[in-house]
Amino acid sequence: MDLGLAGRRAFVTGGARGIGAAICRMLAQEGAEVYVGYLSSSAGRDVAAAIGGNAVQLDITDFASATAAIQQL
C-alpha cells in the first residue's frame, strides 16, 4: 500500500499499545516520521525504538502536557 506519507509527520496519541501501536507501525512502514504519544509506561519508547520513531510522553487530558508534546514537533 502506498499512502504517499514519505516526508510527512504523524503524531499518534495512545501509540504505546494495541491499535495505536499498530497505527504507528503502519505509518512508519509508509514512510512517515512517527511521534509515538504515550502516557507513562516504557511501551511508548519501545514502539518508537522499534519503528525508528520518536517517543513523546503525553497526558492528553492535561493542557500543559499536550502543549509541550506539540512543541516537540
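The following legends describe close-up views of a predicted model. Local features are reported where pLDDT is at least 70 and side-chain atom pairs only at pLDDT 80 or more, whereas totals for chains, interfaces and linings use all residues. Residues are numbered from 1 along each chain as its sequence is written, and side-chain values use heavy atoms, with hydrogens and water left out.

**View 1. The open sheet is formed by three strands in the order β1-β2-β3, with parallel pairing.** Strands (E, at least two residues) and helices (H or I, at least four residues) are DSSP runs numbered from the N terminus; two strands pair if DSSP finds at least two bridges between them. β1 (9–12) and β3 (54–57) are the edge strands, each pairing on one side only. On average, neighbouring strands of this sheet are turned by 20° against each other, direction ignored. Axes are lines fitted to C-alpha atoms, for helices over the stretch in contact, and angles run from 0 to 180 degrees between N-to-C directions. Helix α2 (residues 43–51) packs on the sheet and touches β2 and β3; the direction of α2 makes about 170° with that of β2. Contact means heavy atoms within 4.5 Å.

**View 2. β1 and β2 (residues 33–38) run parallel and are joined by four bridges.** R9 stands opposite E33, and A10 stands opposite V34. Five of the six residues of β2 are buried, that is, under 20% relative accessible area (1.4 Å probe, protein chains only), with exposed meaning over 50% and partly exposed in between. E33, which is found in β2, is partly exposed, with a relative accessible area of 36%. Leaving aside residues up to four places away in sequence, E33 touches R8, R9, A10 and N54. E33 and V12 are 21 residues apart in sequence and 11 Å apart in space, C-alpha to C-alpha.

**View 3. Helix α1 (residues 18–29) has a buried side and a face turned away from it.** G20, A21, C24 and L27 of α1 are buried. These residues cover an arc of only 125° around the axis, which puts them on the same side of α1; the arc is that of the directions from the helix axis to the C-beta atoms. β1, β2 and α2 are included in what covers the buried residues of α1. The exposed residues G18, I19 and Q29 lie on the face turned away from the buried side. G31, whose phi is positive, near 100°, follows α1.

**View 4. The largest nonpolar core has eleven residues, including L5, A10, V12, A32 and A48.** A nonpolar core is a set of buried Ala, Val, Leu, Ile, Met, Phe, Trp, Tyr and Cys residues joined through side-chain atoms within 4.5 Å. At least two residues of this core come from each of β1, α1, β2 and α2, and α1 supplies the largest share, three residues. V47 touches G15, A16, A21, C24 and V36, not counting residues up to four places away in sequence. Another core, of five residues, lies apart from the largest one; among them are Y35, L58, A66 and A69.
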